[in-house]
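Keep the selection panel at hand.

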Amino acid sequence: MNAKQCLSDQYQSTSIQILSRERDNLLYHISEESNIEVFVPRKTEAWPDLPPVVWAIDEKHLINYLFPRECPRIIYSNSSRVSEADRARFFSQTAANTIIAVESGWLERMKQVRIYKYCFADNGFELMDDNAGYYVSRETVRPLHIEPIQDMLDRLLSYDIELRFTPVLHPLKDAILASTVTDFSMIRMRNARP
């Protein structure tokens, strides 16, 4: 066991006990970096008024981040708030309740990149955005466990979702924003093709 994959043996054995006791209260951070032993609060360009924080996500929204960091993607789900017309438009061709659309140009990178799931206890984290599943901590955080995810596509398809690849995301973005679909996330769209 090396430092790039796990924390020290002593910390790891403690982690197993904590994980089993607090499994329902875990938060996560996904990274392409394999050796983050401590997460230090930092500023982010997307939230300039926010003090330095450590970011984490909840289990429900974890799937939104099982991608290379800079990969543009749209995740949208069916709900009771979706009109019949929009349900037919966006969901009639699938048995899945959630659809993830990714630009085709990212498929090779998704096949090649390994990502790491860092697990945190939720102590010290505050809910920042329930809709997105964002949590923040103003304190330094040590992960309980690090799980390498070698095959992103396999992991994504283990969820009850439909994964779609498309040359350009903007038409879908515009259609969703003009619809009654309210359960959606549009991530890294600044990297999407025009």
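This tour of a predicted model visits salt bridges and then aromatic pairs.

**Stop 1: a bridge inside a helix**

Select Glu108 and Lys111. The two residues form a salt bridge, with the closest N and O atoms 3.4 Å apart. Both belong to helix α3, which covers residues 107-112. Three residues separate them, about one turn of the helix. Glu108 is partly exposed, at a relative accessible area of 43%. Lys111 is partly exposed too, at 48%.

**Stop 2: a bridge between strands**

Next, select Glu147 and Lys117. Their side chains meet in a salt bridge, 3.2 Å from N to O. Colour by secondary structure here. Glu147 sits in strand β8 (residues 145-149) and Lys117 in strand β5 (residues 115-121), so the pair ties together parts that are 30 residues apart in sequence. Is Lys117 buried or exposed? Lys117 is buried, because its relative accessible area is 11% and the cut-off for buried is under 20%.

Arg155 counts as partly exposed, at 23% relative accessibility.

**Stop 3: a charged network**

Clear the selection, then pick Arg69, Glu70, Arg188 and Arg190. Salt bridges that share partners join these four residues, Arg69, Glu70, Arg188 and Arg190, into one network. How many salt bridges does a search of the whole structure find? The search finds nine.

**Stop 4: the aromatic rings**

Switch to rings. The structure holds seven aromatic pairs. Start with Phe39 and Tyr118. This pair is edge-to-face, at 5.1 Å centre to centre and with 80 degrees between the planes. The pair links distant parts of the chain, 79 residues apart. Phe39 lies in the loop between β1 (26-31) and β2 (54-57), while Tyr118 lies in strand β5. Both Phe39 and Tyr118 are buried.

Now select Phe120 and Phe125. Phe120 counts as buried, at 0% relative accessibility. Phe125 counts as buried as well, at 11%.

**Last view**

Show Phe39, Tyr118, Phe120 and Phe125 together. Ring pairs link these four residues, Phe39, Tyr118, Phe120 and Phe125, into a cluster.

Notes
Residues are numbered from 1 along each chain as its sequence is written. This is a predicted model: local features need pLDDT of at least 70, side-chain atom pairs count only at pLDDT 80 or more; totals for chains, interfaces and linings use all residues. Side-chain values use heavy atoms; hydrogens and water are left out. Helices (H or I, at least four residues) and strands (E, at least two) are DSSP runs, numbered from the N terminus. Buried means under 20% relative accessible area, exposed over 50%, partly exposed in between (1.4 Å probe, protein chains only). Rings of Phe, Tyr and Trp (its six-membered ring) pair if their centres lie within 6.5 Å; planes under 30 degrees apart count as stacked, over 60 as edge-to-face and the rest as tilted.
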